[in-house]
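Me: I would like to learn how to read a structure like this one, step by step. Could you show me the model and then take my questions in turn?

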Amino acid sequence: QVQLVESGGGLVQAGGSLRLSCAASGRTFSTYAMGWFRQAAGKEREFVAAISWSGGSTSYADSVKGRFTISRDNAKNTVYLQMNSLKPDDTAVYYCAAASRVQLIVTGDFSSWGQGTQVTVSS
């Protein structure tokens, strides 16, 4: 299990952009599929995006496809979530997660997750 620390959240106006970062500890980062999920106040946790260990395979929730892009830099032990065209409905705490493969991120069966970073999109 790796330890994950998210950063980059904040307050942004609708239509704006943010880039979230997730820094992983340890030296086995490249062996993990990585991803993001979010939880808005009063709502259930939902999958956002995931990326394979090589970066060659990605998966996105329908609600963010075309607006968000996930990427990773294994040399820096970091995964990113570029969020464009943000909407008020994107407001949530965003969590980074790690698992052995992408599908486990999608289904929520991840082995590690971070403390989260708040994203607030104003109307």
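Me: Which residues do ring pairs link into a cluster?

Reply: Rings of Phe, Tyr and Trp (its six-membered ring) count as a pair if their centres lie within 6.5 Å, and such ring pairs link Phe37, Tyr95, Phe110 and Trp113 into a cluster. Before we go on, note that this is a predicted model, in which local features need pLDDT of at least 70 and side-chain atom pairs count only at pLDDT 80 or more, while totals for chains, interfaces and linings use all residues. Residues are numbered from 1 along each chain as its sequence is written, and side-chain values use heavy atoms, with hydrogens and water left out.

Me: How many aromatic pairs does the structure hold, and why is the pair of Phe37 and Phe110 called stacked?

Reply: The structure holds three aromatic pairs. Planes under 30 degrees apart count as stacked, over 60 as edge-to-face and the rest as tilted; the rings of Phe37 and Phe110 have centres 4.8 Å apart and planes at 10°, so this pair is stacked. Phe110 also pairs with Trp113, edge-to-face, at 5.8 Å centre to centre and with 65° between the planes.

Me: Is Trp113 buried or exposed?

Reply: Buried means under 20% relative accessible area, exposed over 50%, and partly exposed in between (1.4 Å probe, protein chains only). Trp113, at 52%, counts as exposed, whereas Phe37 is buried at 7% and Phe110 is buried at 12%.

Me: What lies over the face of Phe37?

Reply: A charge sits over a ring if NZ of Lys or CZ of Arg is within 6 Å of the ring centre and within 35 degrees of the ring normal. Here Arg45 lies over the face of Phe37, at 5.2 Å from the ring centre.

Me: Which residues form a disulfide?

Reply: A disulfide is a covalent bond between the sulfur atoms of two cysteines, and the cut-off for counting one is a pair of cysteine sulfur atoms within 2.5 Å. A search of the whole structure finds one disulfide, formed by Cys22 and Cys96, whose sulfur atoms are 2.1 Å apart. The torsion about their S-S bond is about -85°, so the disulfide is left-handed. Cys22 is buried, with a relative accessible area of 0%, and Cys96 is buried with a value of 0%.
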